[in-house]
Amino acid sequence: MPTPPSADPVRFAYWVPNVSGGLVTSTIEQRTDWGYDYNRELAVLAENNGFDYALSQVRYMASYGAEYQHESTSFSLALLLATERLKVIAAVHPGLWHPGVLAKLGATADHLSKGRFAVNVVSGWFKDEFTALGEPWLEHDERYRRSEEFIRALRAIWTEDHAELAGDFYRVRDFTLKPKPLVSPDRPHPEIFQGGNPTAARQMAGRVSDWYFSNGKDFDGVTEQIRDVRASAESAGRTPPRFGLNGFLIARDTEAEARDTLREIVAKADTEAVHGFGSAVKQAGRSTVDGKGMWQDSSFEDLVQYNDGFRTGLIGTPEQIAERIVAYKRLGVDLLLLGFLHYHEEVAYFGKNVLPLVRELEAQEPQEREPQERELQEREPEDHRAPLSPDLSPKGSS
C-alpha cells in the first residue's frame with residue numbers, strides 16, 4: 001500500500017554544481033559553472049524560488065567527466081553564509097572522515113548559519129578515491145555497516161554529553177562536544193540524510209537516518225523503496241525517515257521541446273565516460289549479497305544523468321511536471337532533489353511556472369486525490385517511462 005501522503009507541502013532541493021561537468025555526462029551545452037561566484041548567485045536565486053535545501057556533492061578526485069571538484073563541507077558553509085533561509089546539506093564519506101571531527105565542524109557551521117546545516121552520509125562507490133588516499137576499500141555491505149556506525153556516533157556526539165561508542169569501525173570514549181548544534185522542537189540536531197538504493201541501505205535508513213535519498217525511480221520503484229524503509233524502521237521501533245527522490249527536471253513550454261532536449265542530451269552523451277561510470281558502479285552493485293545494488297538495472301540512457309534522474313519522469317510542460325510531482329507526494333515522497341541543464345534560467349522558470357501549479361494541486365488534494373492518482377498511473381507507461389525511442393540511443397549503448 002502507498003504511504004499516506006504528508007500534510008506538509010512537498011519540499012525541493014537542488015544538486016549544487018560544485019563539481020565540473022554539470023549534471024549530465026554529455027557534450028550538450030550546460031550553462032552551469034562549478035565555481036563559487038556562480039553558485040553563490042544560484043543559492044540566493046534558489047531560496048527565492050521555492051527551494052528549501054541544496055546538496056553539495058562530494059568528489060575527491062577526477063572521474064567520469066568531473067575533472068574539478070570543490071570540497072563539500074567548506075563549500076556548503078560558504079553557501080550558508082551567502083543565504084538566509086536555504087538549508088545546505090554537505091555530502092561526506094565515512095572512512096575519509098571521523099564522526100567526531102565532522103560533528104565539530106557541523107556544530108560550528110550550524111551556529112554560523114543559525115541552524116541550517118545538514119549532512120548527507122555517502123557510503124561510497126568510487127574505489128579509487130579511497131585507495132589513492134591509502135584507505136581500505138571495504139566490501140559493499142561493510143561500507144553500509146560503517147556508515148551506520150558513523151551516524152550513530154555523530155548523533156550521540158551532537159546530542160549527549162560523555163558520548164560513548166565501541167564499534168567495529170569507530171570508538172568514542174567519554175567525548176563531550178561544546179558547543180553542540182542548535183536545537184529546536186522539530187530538530188534535535190542537524191538533519192542526517194543518507195543515500196543508497198540497495199537492501200543494506202534501505203535497512204540502515206530505517207534504523208538510523210532522518211532522511212533517505214533514492215536515485216531516480218518511477219512510481220513502482222518509489223513504492224517498493226518506501227515500503228522497505230518503513231518496514232526497517234518499524235522493526236527498529238522508530239519513526240520512519242522522510243523520503244527524498246532524485247530527479248532531473250526539463251520543463252519547457254511544450255512537451256515536444258522538453259523531449260527534444262532530452263533526446264539531444266542523450267544523443268550527445270560522452271559515451272566513453274558514461275560506459276566507464278556504468279562499469280564502475282555496476283561492479284560495485286553486483287557485490288551486494290542479493291544483487292540489488294545501485295544502478296544494477298540502469299540503462300545507458302539512465303546513466304547519462306548519473307543518479308538515474310531521467311527515470312523520475314519530470315520532463316514536459318509545467319502542468320505535466322506539477323501533476324507528476326504531486327503523484328509522487330501521494331506515494332510518500334517528501335522532497336524532490338532536482339538537477340537542471342541550465343541552472344540559473346531553469347531554477348527561475350521552475351519557481352515561476354512549476355511551483356505555483358504544485359501548490360495549487362496540493363490544495364486540491366483532499367477532494368481529488370483518488371481520481372487524479374488513477375489517471376496518472378494509467379498514463380505512466382505512455383507519458384513517462386519511455387522517454388526515448390530505441391533509435392535515439394547512442395550507438396553501442398546497452
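1. The loop between α5 and β5 (163-166) holds H162, a residue that has a positive phi of about 55 degrees although it is not a glycine. Helices (H or I, at least four residues) and strands (E, at least two) are DSSP runs, numbered from the N terminus. Most residues other than glycine have a negative phi, and most peptide bonds are trans.

2. On provenance, this is a predicted model, in which local features need pLDDT of at least 70 and side-chain atom pairs count only at pLDDT 80 or more, while totals for chains, interfaces and linings use all residues. Residues are numbered from 1 along each chain as its sequence is written, and side-chain values use heavy atoms, with hydrogens and water left out.

3. A positive phi, near 60 degrees, is also found at D308, a residue other than glycine, and D308 is placed in the loop between α10 (300-304) and β11 (315-316). D308 is buried, with a relative accessible area of 2%, where buried means under 20% relative accessible area (1.4 Å probe, protein chains only).

4. The peptide bond that runs from K178 to P179 is cis, its omega being near -5 degrees, and P179 belongs to the loop between β6 (171-175) and β7 (192-194).

5. Helix α5 (residues 140-159) and helix α6 (residues 199-208) have axes that come within 10 Å and cross at roughly 15 degrees. That makes α5 roughly parallel to α6, a label given to angles under 35 degrees, with axes fitted to C-alpha atoms over the stretch in contact and angles running from 0 to 180 degrees between N-to-C directions. The crossing of α5 past α6 is right-handed, that is, the near helix is turned clockwise from the far one by less than a right angle.

6. In that pair, D141, Y144, S147, E148, I151, R152 and R155 of α5 meet A200, A201, M204, R207 and V208 of α6, contact meaning heavy atoms within 4.5 Å. The residues of the contact of α5 with α6 comprise six nonpolar, one polar and five charged; Ala, Val, Leu, Ile, Met, Phe, Trp, Tyr, Cys and Pro count as nonpolar, Asp, Glu, Lys and Arg as charged, and the others, Gly among them, as polar.

7. Helix α7 (residues 219-236) packs with helix α11 (residues 318-331) at an angle of about 25 degrees, their axes lying 10 Å apart, and α7 and α11 are therefore roughly parallel to each other. Their crossing is right-handed. From α7 the contact draws on F219, V222, T223 and I226, and from α11 on R324, A327, Y328 and L331; by class, the contact of α7 with α11 has six nonpolar, one polar and one charged residues.

Terms used
Angles under 35 degrees count as roughly parallel, over 145 as roughly antiparallel, 65 to 115 as roughly perpendicular and the rest as oblique. Buried means under 20% relative accessible area, exposed over 50%, partly exposed in between (1.4 Å probe, protein chains only).
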